[in-house]
Structures are given as C-alpha cells and as structure tokens.
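Me: I would like to go through a few residues of this model with you. Could we take them one at a time?
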Amino acid sequence: IDLGLLPAAGSLGAVGSVTYSGALTPAAGTYRLGGLSGTLVLDQAAQITGANVLDISGNVTLAAAMNHTGGTTLRAGTLTLAGGTNTLPAAGAVTIQGGTLALGTTSQPVPGLTLGGVAGSTARVDVGTGSLRLGGNVTYSGTNAPPAAPIAGGGGTRALVGKRTVH
C-alpha cells in the first residue's frame, strides 16, 4: 500500500482487527498508521523500514521486528509490541504524546523516550512482563510530568540509563 496515495495527513487504520502482511510505502518519509475503531496488525519483518518515521494515531500491533530509523511517535491509542525482542529498532527514539506503548512480553531497548507534549493527553508505557531499557534521555513535558506519565510494569523490568528531564 502506498501511503502517499491517501489524502493529506491520512493514515492506514482498521475496523475490527485487520492483519496486513504486504509492503508499505511511506508518504513523504512517514508511515501514518492507526485511526478508525479497530486494530491494525503488521506481521512481517521490516514492513516499516528506512530513514522514515512511524507515526501512530490509533491501535496498532507490531508482530514482527521493524527497522525504520526515523523514530516512532504515538499520538493516541495503543502501540502493542508483540514481535519478540527489539520489535522497534534500537536506533530510533520514541515519543509518546498520548496513548500507551504496551510491551507485553517484548524486550525493547529505546535510545531516548519523550512522554507528553499534548495538553489533555496522558502518555504511558506499560512494560507488562517484558523489559524496557532506556539508554538515552527520558523527557517528560507538559501535563505529563511525573507521576501523571507513569512507566508501569506488571512484573517486567525497567532500566533507566541516562538523564531524566522535566519540562
């Protein structure tokens, strides 16, 4: 699917649960996913690739490792990592403006994490029984300053390495 053929600022979403196994082509360097009322599941390795940004505004499950290097932004909804270790590439920072990054049983290194930035939204990381290793800076901004922007765990491991900044 060529995301560049969607209307401006459009995204690929789902009604119900839809698994997509084909190739995706970004629009102007961005994969915009999510929206509608369901969950979009990407189940093939490297469906999101290159020096591009993954921009999510809904419920998306990554069930295989992706290798984009432009970072990941979650604006709303839930980004579920179900692809084992390193579902998101270790090279791209993660920004959660609103919604939840759900790790489940996934072990995920993140070079930098920003929580917040959108008034009225709550940004959250749910580690579950997986593990989250933050190797870079952790930044809280806006109304999501601690403790409103928790990094929660259900028995999982959270390792914070680096500088934590509250704006």
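Me: Where does Ala63 lie?
Reply: In this predicted model, Ala63 sits in the loop that joins strand 6 (59-62) to strand 7 (67-68).

Me: Is Ala63 buried, exposed or partly exposed?
Reply: Ala63 is partly exposed, because its relative accessible area of 31% falls between the limits of 20% and 50%.

Me: Which residues does Ala63 touch, not counting those up to four places away in sequence?
Reply: Ala63 touches Val41, Leu42, Asp43, Ala82 and Gly83 on that basis.

Me: Let us change topic. Which strand holds Thr72?
Reply: Thr72 belongs to strand 8, which covers residues 72-76.

Me: Why is Thr72 classed as buried?
Reply: The relative accessible area of Thr72 is 4%, and Thr72 is therefore buried, since the class applies under 20%.

Me: With which side chain does the side chain of Thr72 make a polar contact?
Reply: The partner is the side chain of His68, at 3.0 Å. Leaving aside neighbours within four places in sequence, Thr72 is also in contact with Leu54, Leu79, Leu88, Ala93, Val94 and Thr95.

Me: Next, Asn52: where does it lie, and what does its side chain reach?
Reply: Asn52 lies in the loop between strand 4 (49-50) and strand 5 (53-57). Its side chain reaches the backbone oxygen of Thr49 at 2.7 Å.

Me: And is Asn52 buried or exposed?
Reply: Asn52 is buried, with a relative accessible area of 13%. Beyond the neighbours within four places in sequence, its contacts include Pro26, Tyr31 and His68. Gly70 and Gly71 are also among the residues in contact with Asn52.

Me: On to the backbone. What is the phi of Leu36?
Reply: Leu36 has a positive phi of about 60°, although it is not a glycine. Most residues other than glycine have a negative phi.

Me: Where is Leu36, and how is it classed by accessible area?
Reply: Leu36 lies in the loop between strand 2 (30-33) and strand 3 (39-42). Leu36 is exposed, with a relative accessible area of 67%.

Me: What about the phi and the place of Asn86?
Reply: The phi of Asn86 is near 60°, a positive value in a residue other than glycine. Asn86 is located in the loop between strand 9 (78-81) and strand 10 (94-96), and it is partly exposed, with a relative accessible area of 34%.

Conventions:
Residues numbered from 1 in each chain as written. Predicted model: local features only at pLDDT ≥ 70, side-chain atom pairs only at ≥ 80, totals over all residues. Heavy atoms only, no water. Helix = DSSP H or I, 4+ residues; strand = E, 2+ residues; numbered from the N terminus. Buried < 20%, exposed > 50% of the residue type's maximum accessible area, 1.4 Å probe, protein only. Contact = heavy atoms within 4.5 Å. Polar contact = N/O pair within 3.5 Å; in protein donor to acceptor, adjacent residues only side chain to side chain.
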